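Dear colleague,

I am passing on the model we spoke about, and I would be glad if you could look through it with the notes that follow. They begin with confidence and then turn to the fold, the core and the contact between the chains.

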Amino acid sequence: MRAGLDPVGRRLGVTDVIAKILKWSVLVLFLLLTFLPLLYLVISSFKTNLALQVRPFSLPVVWQVSNYVEAVKISSLPLLFLHSIIISTLATALNLLVTTMGAFALSRERFRFQNVILNLILAGVLVPIIAFMVPYFKLISAMKIYDTIWGLIITYASINVPISLYLIHGFMGSIPVELEEAGIMDGCSFWQRYAKIILPLSRLGLVTAGTFVFLFAWNEFIYALLLTSSLRARTLQLGIQFFKSQFITDYTSMYAAITLTIIPSIAVYIFFHERIIKGLTSGAVKG
Amino acid sequence: MTMKFHKHWKGIILFLLPVLVLYGMFFLYPLVFVYLVSLMKWNGVTHMAFIGLKNYIDNFRNPIFRLALGNNFIWAFSLGIVQIALAALVALILARRPKGWKVLRTVYFLPNVISKVAIAMMWLAIYNADFGMLNALLKVVGLGALETNWLGNVSTALPAVIFQEVIYIGYFMIIILAATMSIPESFYEAAQMDGATVWQQERFITLPLVRGIIVTSMTLAIAFGLRQFESTFLMTNGGPANATMVMGLQLYVDLGSLDYGHANAIGGTLIIIGAILISGIRRLFGEREETAEANQ
């Protein structure tokens, strides 16, 4: 029993009561810090600008759905949304293709310099990639993919190579050799062992790594800012920063636009939160 | 061993090639580039001229850079010490499975899936001097005297920007919670038999056992503090009077003015400071653990 306090009617001491109060104060405080700002944003997004200033905490008298219509019209949200989906999906696919192949070779074969290569790539996890702004800018320009979705796709896929390789390599490494040997007996080639045996068995590892890469790409801002210059490849996150100049003083429509950008993240989280939390904690428990 | 190498060497090379190419392009080449160009005078167009450590010396003589450096340390401290302490506190409470702990765990993590950009824009609205929620709230509870232009005031701007990142403890809380919950129940049962209080149990059982994961979390949080960019860029753009300037933003500004030498010297400094801080913390606590969750 780690309940801490005795629930079966035993009289609680003064210190127990204080501890209980403190405990719940902390939990409620963080609940408020999490929800209040979001709630304020969403409720404000349904108000008129006048009501926002005069009665900041009351519910809107008339729910201004027109703010949302205005938001979509002004901010070209659908286009930004489309860009973000394409970029995040393709970056995730490219990243997973490359890292599963690499992880397969590095975890299911033995060869010289194997650990050197693995550790070299994994060390990339610790590099503050914000330091690479100039070289990335030069690289993407030299490749003639500046201000295209391809520039962001290859950048996002590559930045996440170390973390994905770490997660997938760990997962593939734990698959029993016997499963693979059966395949070799049946005459599976190198490629077939990867595609038909190891890859399907690593499904869960792929989901974890894929979630990481997708969320990263979806939320990334710095390189979207640096490697694009027009609406041609603008992502949702980058688009948000233009709201300030697009909506000028129409704050409540801007809040509507921000709310619209948050909804997909929350929707994904509602469906996948167990998977995301498990992915985060798998590394922690091993450590 | 060699047998296997010969048997599949073509496949191995073919499979390793893509990952090595991308890693080479986006990690090795940039690393060499940053340090090489940091020793040059270069605007990206004309010829480079080797000038030794001049860019680094210029940076450290530049009061704005020194301000940025100091602010980055404040960020690293706020996230690495304050945020981790709060995350650990909540994790220890939730690990005792109070009513609704699973829901709370899910809810506390929610802001971490929302982009920093959207969060920063939301707080921009809250801090707004004219009709923001914070000033309105202060007025309602009778603290109207404290009303201020939170992001426009030199003394409140940095704390205000840092605050809206520190309070979102979900990421580290989840990691520490998982480690705490993997401690066998029997440890606590034995301690309870011996009459240990809850406080003593946490102090002498939980904390020593989760020290490793707390050190890892601190390492990551400090790395995040050094990488600070989005919130500052969107909320204050380094102002007022450079009060919130950070190295990442200064790098971006230098890059914008085609001052590639100084920009890369900042990048090089960031990488070195990160490496020193991270290895220092690990040595200090004598831990060597994989940083699984590290991400940009």
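What pLDDT does chain A average, and what percentage of the residues score at least 70? This is a predicted model, and chain A averages a pLDDT of 87, with 94% of the residues scoring at least 70. Within chain A, the mean is highest in helix α7 (residues 149–159), at 97, and lowest in helix α14 (residues 251–286), at 80. Over residues 1–9 of chain A the pLDDT falls below 50, and this stretch has ten contacts in the model beyond near neighbours in sequence.

For chain B, the average pLDDT is 88, and 94% of the residues score at least 70. Residues 1–5 of chain B stay under 50, and the model has five contacts for them beyond four places in sequence. Residues 288–296 of chain B also have a pLDDT below 50, although the model gives this stretch 28 contacts beyond near neighbours in sequence. Where pLDDT is low, the predicted coordinates should not be read in detail. For the complex, the predictor gives an ipTM of 0.86 and a pTM of 0.88.

Turning to the fold, chain A has 14 helices and zero strands. The radius of gyration of chain A is 25 Å, well over the 19 Å that the globule rule gives for 287 residues, so chain A is more spread out than a compact globule. Along its principal axes, the C-alpha trace of chain A spans about 75 × 70 × 35 Å. Chain A is divided into domain 1 (14–67) and domain 2 (76–247), and the C-alpha centres of these two domains lie 37 Å apart. Of the 287 residues in chain A, 44% are buried, and among contacts in chain A between residues at least 6 apart in sequence, 76% join residues at least 24 apart.

The largest nonpolar core has 166 residues, and those with the most contacts inside it are I258(A), A91(B), M121(B), M173(B) and I176(B). Helix α3 (residues 63–95) of chain B supplies the largest share of this core, with 15 residues. Domain 1 and domain 2 of chain A both give residues to this core, so the core lies between them. Leaving aside neighbours within four places in sequence, A91(B) is in contact with M173(B), I176(B), L177(B) and T180(B).

Helix α7 (residues 157–166) of chain B is also worth a look, being mostly covered, with seven of its ten residues buried. The buried residues of α7(B) include A157(B), L158(B), V161(B) and I162(B), together with Q164(B) and E165(B). These buried residues of α7(B) pack against α3, α5 (116–127) and α11 (230–235) of chain B.

How many residues of chain B are in contact with chain A? There are 86, and they meet 76 residues of chain A. On the side of chain B that touches chain A, helix α1 (residues 2–37) of chain B gives the most, with 19 residues. The residues on that side of chain B divide into 62 nonpolar, 14 polar and ten charged.

With best wishes

How values were computed
Residues numbered from 1 in each chain as written. Chains lettered and ligands numbered in written order. Predicted model: local features only at pLDDT ≥ 70, side-chain atom pairs only at ≥ 80, totals over all residues. Domains from an automatic or database assignment. pLDDT = per-residue confidence, 0-100. Helix = DSSP H or I, 4+ residues; strand = E, 2+ residues; numbered from the N terminus. Contact = placed C-beta atoms within 7 Å. Core = buried A, V, L, I, M, F, W, Y, C linked by C-beta atoms within 7 Å. Buried ≥ 20, exposed ≤ 12 C-beta atoms within 10 Å, placed from the backbone. Rg over C-alpha atoms; globule rule 2.2 N^0.38 Å. Nonpolar A, V, L, I, M, F, W, Y, C, P; charged D, E, K, R; others polar.
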